[in-house]
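Reader: Got a model to go through with you. Can we start with how far to trust it?

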Amino acid sequence: MMIYPEQVACSFEMPPRISPLTDACHHVGLKTDKTWKLEVKYINAVKGCGVFAIGSFSKGDFIVEYRGDLISDGEAQKRRRIYHPACSGFLFAFKLRGKTWCIDASREDGSFGRLVNDDHRHPNCRMKRIDIAGSTHLCLFALKDIKEGEEIAYNYGGEDYPWRKQMTTCEPDTPCVSSQSVLMSEPQWDEAAWLEDTGQQVIHVHHLIFTSSVF
Ligand SMILES: C[S@@+](CC[C@H](N)C(=O)[O-])C[C@H]1O[C@@H](n2cnc3c(N)ncnc32)[C@H](O)[C@@H]1O
C-alpha cells in the first residue's frame with residue numbers, strides 16, 4: 001500500500017480537546033480514574049495520602065470524581081454516629097435544592113477522588129455537581145493549569161478544620177511535628193456560596209446529552 005506523506009502527517013495531528021464535561025461523564029459512567037495522569041502518594045502522618053498529577057492538566061479539565069454512595073442527611077448522621085472518626089472524614093455533605101445530601105466515600109474502593117486533600121488557600125481544583133440522567137455526582141475540575149508533580153487539592157469549604165489551624169513543619173516523606181492532634185470533621189459544600197463563586201457549578205446532563213459547559 002502506498003502511504004502518501006500528507007497521510008502520515010495527518011496521523012500525527014493532535015486530536016481535538018475533549019470537552020471536560022464529556023470527559024467527566026465518560027469516567028463517571030465507567031467508574032474509572034485517570035490512572036495514567038494521577039497517582040496516590042503517602043505525604044506525612046498528618047495529611048496521610050494525597051493525589052498527585054503525573055501528567056499535566058489544563059485549566060477547566062475534568063480531574064476525578066469524588067465517588068461514593070449518595071445518601072440522605074439522615075442516613076449520613078446515622079453513619080457518622082457509628083463510624084470511626086477517620087471514616088467520617090469521607091462524608092462529603094452538600095446542599096441540593098435546599099436539602100442536605102451526602103456522598104459517603106468511606107469505603108476503600110481504590111478510587112482516587114476520596115483521597116484528594118483540602119487546600120483553602122491555593123486550591124488547584126474545585127468541586128462541581130453533575131446530574132447525569134437524574135443521578136448526582138461530584139467531580140473535581142482544574143481551576144488552573146496543573147503541572148506534573150503538583151498535589152491535586154480543593155477547598156473543602158467551611159472554616160474550622162483542625163489542620164488549617166495547625167502550625168506544622170511537614171514536608172513530604174519527612175517526620176512531622178504537629179501542634180495539636182487531628183480531629184476529623186466532614187467537609188461541607190455550600191451550594192449558594194458555590195454559585196456565587198462561579199455562577200455555574202451545577203451541570204445537568206440528561207440522558208448523556210450535555211446541556212451546559214463547565215467553565
Ligand atoms: C477525604 S480524606 C482525604 C484523604 C486522606 N488524606 C487520607 O489519606 O485518607 C479527608 C481527610 O484528609 C485529611 N486532610 C485533608 N486535607 C488535609 C490538609 N490540608 N492537611 C492535613 N490533613 C488533611 C484529614 O484527616 C481529612 O479528614
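Author: One term before that. pLDDT is the predictor's confidence in each residue, from 0 to 100. This is a predicted model, and pLDDT stays under 50 over residues 167–215.

Reader: How many contacts beyond four places in sequence does the model have for 167–215?

Author: It has 87 for that stretch. Two residues are in contact if their C-beta atoms, placed from the backbone, lie within 7 Å.

Reader: And what does the chain average?

Author: The average pLDDT is 79, and 70% of the residues score at least 70. For the complex, the predictor gives an ipTM of 0.99 and a pTM of 0.78.

Reader: On to the ligand. Which residues are closest?

Author: Gly48, Cys49, Gly89, Asn117 and Trp163, out of 15 residues that surround the ligand.

Reader: Which strand gives the most to that shell?

Author: Strand 2, with 3 residues. Strand 2 spans 48–53, and strand 7 (117–118) also supplies at least two.

Reader: Switching to helix 2. Which residues are buried?

Author: Pro20, Leu21, Ala24, Cys25 and His27, within a helix that covers residues 20–30. Just after helix 2, Lys31 takes a positive phi of about 55 degrees.

Reader: Last one, Glu159. Where is its place?

Author: In the loop between strand 10 (153–154) and helix 5 (162–165).

Reader: Why does Glu159 count as exposed?

Author: Because Glu159 has 9 other C-beta atoms within 10 Å, and exposed means 12 or fewer. The C-alpha atoms of Glu159 and His120 are separated by 8.8 Å, with the two residues 39 apart along the chain.

Note on methods
Residues are numbered from 1 along each chain as its sequence is written. This is a predicted model: local features need pLDDT of at least 70, side-chain atom pairs count only at pLDDT 80 or more; totals for chains, interfaces and linings use all residues. A residue is near a molecule or strand if its C-beta atom, placed from the backbone, lies within 6 Å of it. Helices (H or I, at least four residues) and strands (E, at least two) are DSSP runs, numbered from the N terminus. A residue is buried if 20 or more other C-beta atoms lie within 10 Å of its own, exposed if 12 or fewer, and partly exposed in between; C-beta atoms are placed from the backbone.
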